[in-house]
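Please open the model in your viewer and keep the selection tool at hand.

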Amino acid sequence: MKNSVIKRKICKAVDDLAGRIIALNKSIFDNPETCFKERESVKLITSELRAESFEITAPFAGVKTAFKAVSRGKRARPKIALIAEYDALPELGHACGHSMIAASAFGAAVAIKRAVGDHPGELLVIGTPAEEGGGGKIKMIKNNGFKGVDAALMAHPSNKTRVVARMYAISHLQLTFLGKAAHAAAFPDKGVNALDAGVLFYNGISAMRQQLNGEARIHGIFTRGGDAPNIIPEKVVMDFYVRALDRKYFEALIKKVAQCARGAAKAVGCKVKIKKIGHTYDPFYPSYPIGNAFRANMKTLNIAEDRFGETEEIGSSDIGALSLVTPTLHPEYAVGKKTDINHSRDFLKAVVSPRGAGAMLAMTKALAMTTYDLLTDAKLLSEARGMFLEQRKRMG
Ligand SMILES: [Zn+2]
Ligand SMILES: [Zn+2]
């Protein structure tokens, strides 16, 4: 059968599944579960996939709320994975729209299975929890959860439609300056002021910003600034995020920030402890060849892409770690107005709006068509592999 005919069949299958895709988004949305607590969400998604004869492994890769769903094809390779995220935010529920990511992954996988039947290669849906700060994918990678996966893709709701964007590596540093308490009026000379060291550090970072390469971000707050005005502060805690696009530069930047903290402590005569909190997220290196295939499929669906640079309005995600393991695509798509930005109350509304549903279904089609391309087009896959290896070499 001709490629275009099969792709039309895939899109028709998405249309047939529309009610279930929308309902799955809504049921995950209505029961928001945060970081590694996504038990019901996993049940909702895997029961839908099981009903379509996917083999389910849950828990998966050493993570309780991760899963793998497999549809075996004619051959064992290639293995193409649709990524499903489904964790919510504290207080804000699904204001990052991960419920839509899961619903799209389900819809795309089932549409291929239905339309192509005996598809070549292995079709996977891999459920990755705790993207919002927990680094679910990082744990799963450590436990070989993505071993043998030839390419991975997902589609993330956003305030804009953009196929290829980069993302920052990120590390959370906690700096604790330790001085000596003393009565601030009677014995100021007996104290060592940890707050002074914190302020010097803050100003040192502000000065450093002038020399950053334009592809980095350093931002932070005081989480403990002292205990009372009449006590020379003995303990000051600051939480900082350091981000950069390039991995080598990122590592150098972390060292600079630590040096700045040690310098500030030395100037005041106090101590500083520097601790990394949680996981370091790697930078995201998108797969441009898969991106081009995705764009071509979007074009046949008349989905327009917004004009945004690939480093404009970007954040960080544990998908970065995955992009260092296998060629990965992480397109984003608008679900509401430009002003409906992720992690806002407006975005929350857009995730379950009719307009959002339309965008989700259109992107599910593009996702399914591109997954089909990867399953069948050896040239595309080897191009993606080639660029992936090149990117890996460049970052050392
Ligand atoms: Zn988010
Ligand atoms: Zn997100």
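**First stop: helix 7 and helix 10**

In this predicted model, select Ile290, Ala293, Phe294, Asn297 and Met298 in helix 7; these residues meet Ala366, Met369, Thr370, Asp373 and Leu374 in helix 10. By class, the residues of this contact comprise 7 nonpolar, 2 polar and 1 charged. Next, display the whole of helix 7 (residues 288–300) and helix 10 (residues 354–376), whose axes lie 9 Å apart and pack at an angle of about 130°. Helix 7 is therefore oblique to helix 10. The crossing of these two helices is right-handed.

**Second stop: helix 2**

Now select residues 39–50, which form helix 2. This helix has 12 residues and reaches 16 Å from its first C-alpha to its last, close to the 16 Å expected at 1.5 Å a residue. Which residues of helix 2 are buried? They are Ser41, Val42, Leu44, Ile45, Thr46, Glu48 and Leu49.

Keep helix 1 and helix 3 selected: their axes come within 7 Å and cross at roughly 145°. The crossing is right-handed. Among the residues that meet here are Ile10, Leu17 and Phe29 in helix 1, and Phe106, Gly107 and Val110 in helix 3. The contact has 18 nonpolar, 3 polar and 2 charged residues.

Key. Residues are numbered from 1 along each chain as its sequence is written. Chains are lettered from A and ligands numbered from 1 in the order in which they are written. This is a predicted model: local features need pLDDT of at least 70, side-chain atom pairs count only at pLDDT 80 or more; totals for chains, interfaces and linings use all residues. Axes are lines fitted to C-alpha atoms, for helices over the stretch in contact, and angles run from 0 to 180 degrees between N-to-C directions. Helices (H or I, at least four residues) and strands (E, at least two) are DSSP runs, numbered from the N terminus. Angles under 35 degrees count as roughly parallel, over 145 as roughly antiparallel, 65 to 115 as roughly perpendicular and the rest as oblique. A crossing is left-handed if the near helix is turned anticlockwise from the far one by less than a right angle, and right-handed if clockwise. Two residues are in contact if their C-beta atoms, placed from the backbone, lie within 7 Å. Ala, Val, Leu, Ile, Met, Phe, Trp, Tyr, Cys and Pro count as nonpolar, Asp, Glu, Lys and Arg as charged, and the others, Gly among them, as polar. The expected span of a helix is 1.5 Å times one less than its number of residues. A residue is buried if 20 or more other C-beta atoms lie within 10 Å of its own, exposed if 12 or fewer, and partly exposed in between; C-beta atoms are placed from the backbone.
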